[in-house]
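Thanks for coming. I will go through one model this morning, residue by residue where that helps. Please have the structure open while I talk.

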Amino acid sequence: MQSITVLGSTGSIGVSTLDVLARHPQRYSVFALTARERIGELAQQCRRFAPRYAVVASEEGAQQLGELLAGAELPTEILWGVEGLCRVASDPAVDAVMAAIVGAAGLRPTLAAVEAGKKVLLANKESLVMAGPVFMRALSGSDAQLLPIDSEHNAIFQCLPQPSDSLESAGVEKILLTGSGGPFRARPAEGLHRVTPDEACAHPNWSMGRKISVDSATLMNKGLEFIEACLLFNARPEQIDVVVHPQSIVHSMVQYRDGSLLAQMGNPDMRTPIAHALAFPERIDSGVAALDLIARGRLDFEAPDMARFPCLRLAREAMNAGGSAPTALNAANEVAVDAFLGGRLAFTGIPAVIERVMKAAQSVELTGLDAVEAADRNARALAYEALGG
Ligand code: NAD
Ligand code: MG
């Protein structure tokens, strides 16, 4: 029996994770659930999974959850704040941690799980992108095992030999990172400044949280994933090509020296990578239907349009610049996406704000967590300035 902490349990990944866990009650038990909002939903999850802990963001949230669970006779202790998140991510009783908080807020608890040597199922790509070398040093200095949940990285992981020391020794020439191209793949550049948050969040193939949905529409999601892939697979930037694949059936590919191209395919449903990572190296049922290739009929591939979607170029530039450039990219993106979702910034303003921040931010070496958090704060301040206050 493995004991699991789900960070961000009320989100899209969190809910899919609980769906998979519920299919295997003899194999997994839930140690902790956490959420910032939707406390009512968190209360329902607590009633269903009876975790040892539930963690919310604020004292008021804790009080609200306490009232909702009054009389339920659960073993659940309620904690709040970042300390609570770090505690349930690193508790000795925990075997695996699903890191599914969105954005930079996930960094400390995810690192706490890494430092405590947990099996870490990484959905929260922002924490890896913003803290690159600090995150990877923490990983190599601990017994933690990092398994990618992002469908592309999970696919790449599945297409590589395990364990694999280096791409070179495995005979890998290239990683082909696929992406759907987002909801505006075929939209002319002139129409992009007018798109609304609801249009941007209506992804053709995946149902996801609002922040990553906007990232998918700007292609910043592919940009963050490009940096994520460089870090996870120790790849040089030129070893990774982005390929647009509108059907989201091929989740990514690995090209070998001998001409072989391995792909991992499946219906676009995050329960597949979640089940893969939870059970690795075994395989368990995820609830996802088998892929019917004949019903699908065709698979298309095309090159990404870097002119209409500058975010992919900005991410490549940040990775090439190194140091705190990816930290600044991620922070500026979070501020800009939030402004877009709040109706304070046009869709095309997102890359514009990020580009201004990238030009203004001083790149520093990421010596530790403090340096990461300082670079993050600095870039956020520059992004607010770029937004005009
Ligand atoms: P979401 O917005 O649906 O859920 C986010 C979760 O984090 C919620 O439970 C929320 O309460 C919690 N949260 C948000 N801000 C917080 C804060 N400041 N402190 C503590 N908790 C906080 O997001 P999602 O779509 O589930 O994505 C989660 C992560 O997984 C993101 O990093 C995203 O990039 C990544 N991811 C998601 C998908 C997907 O299909 N949704 C695919 C690949 C990667
Ligand atoms: Mg992805």
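**Starting from alanine 332**

Alanine 332 sits in helix α14; helices here are DSSP runs of H or I with at least four residues, strands are DSSP runs of E with at least two, and both are numbered from the N terminus. Before going on, the conventions: this is a predicted model, in which local features need pLDDT of at least 70, side-chain atom pairs count only at pLDDT 80 or more, and totals for chains, interfaces and linings use all residues. Residues are numbered from 1 along each chain as its sequence is written, while chains are lettered from A and ligands numbered from 1 in the order in which they are written.

Is alanine 332 buried or exposed? Alanine 332 is buried, because 30 other C-beta atoms lie within 10 Å. The cut-offs are 20 or more other C-beta atoms within 10 Å for buried, 12 or fewer for exposed, and partly exposed in between, with C-beta atoms placed from the backbone.

Leaving out residues up to four places away in sequence, alanine 332 touches Val353, Ile354, Val357, Ala379 and Ala383. Contact means that the C-beta atoms of two residues, placed from the backbone, lie within 7 Å. Serine 16 is 316 residues from alanine 332 along the chain, and their C-alpha atoms are separated by 29 Å.

Next, the core. The largest nonpolar core has 117 residues, and Ala99, Leu121, Ala315, Ala332 and Ala336 have the most contacts inside it. A nonpolar core is a set of buried Ala, Val, Leu, Ile, Met, Phe, Trp, Tyr and Cys residues joined through C-beta atoms within 7 Å. Helix α14, residues 325-341, gives the largest share of this core, 10 residues. At least three core residues come from each of domain 1 (2-149) and domain 2 (156-387); these bounds come from an automatic or database domain assignment.

Alanine 99 has contacts with Leu7, Gly106, Thr110, Ala113, Val120, Leu121, Leu122, Ala123, Asn124 and Ser127, again not counting residues up to four places away in sequence.

Now the two domains. Their C-alpha centres lie 23 Å apart. How many residues of domain 1 are in contact with domain 2? The count is 27 residues of domain 1 against 34 residues of domain 2. On the domain 1 side, α1, α6 and β7 (145-148) each supply at least two residues, and the largest share, 10 residues, comes from α6.

On to the ligand. There are 26 residues around ligand 1, and Gly8, Gly11, Ala105, Met208 and Gly209 come nearest; a residue is near a molecule or strand if its C-beta atom, placed from the backbone, lies within 6 Å of it. Helices α1 (12-22), α6 (125-140) and α9 (210-218) each give at least two residues to this shell, with the largest share, three residues, from α1.

UniProt, in an unreviewed entry, has a "binding site" annotation covering Thr10, Gly11, Ser12, Ile13, Asn124, Glu126 and Gly209. UniProt positions are in the numbering used here, feature names are shortened, and annotations may be inferred rather than shown by experiment.

Two of those residues in detail. Threonine 10 is in the loop between β1 (2-7) and α1, and counts as buried because it has 21 C-beta neighbours inside 10 Å. Asparagine 124 is in the loop between β6 (119-122) and α6, and counts as buried because it has 26 C-beta neighbours inside 10 Å.

Then the strands. β8 (residues 172-179) and β10 (residues 250-256) pair in the antiparallel sense over four bridges; pairing requires that DSSP finds at least two bridges between the strands. Lysine 174 has glutamine 255 in β10 as its bridge partner. β10 is also joined to β11 (residues 261-265), antiparallel, by five bridges, and there glutamine 255 stands opposite leucine 261.

Last, backbone geometry. Most residues other than glycine have a negative phi, and most peptide bonds are trans. The bond from glutamine 162 to proline 163 is cis, with omega near -5°, and the bond from phenylalanine 280 to proline 281 is cis, with omega near 5°. Arginine 38 has a positive phi near 55°, in the loop between β2 (28-34) and α2 (39-49). Asparagine 234 has a positive phi near 50°, in the loop between α10 (220-232) and β9 (240-244).
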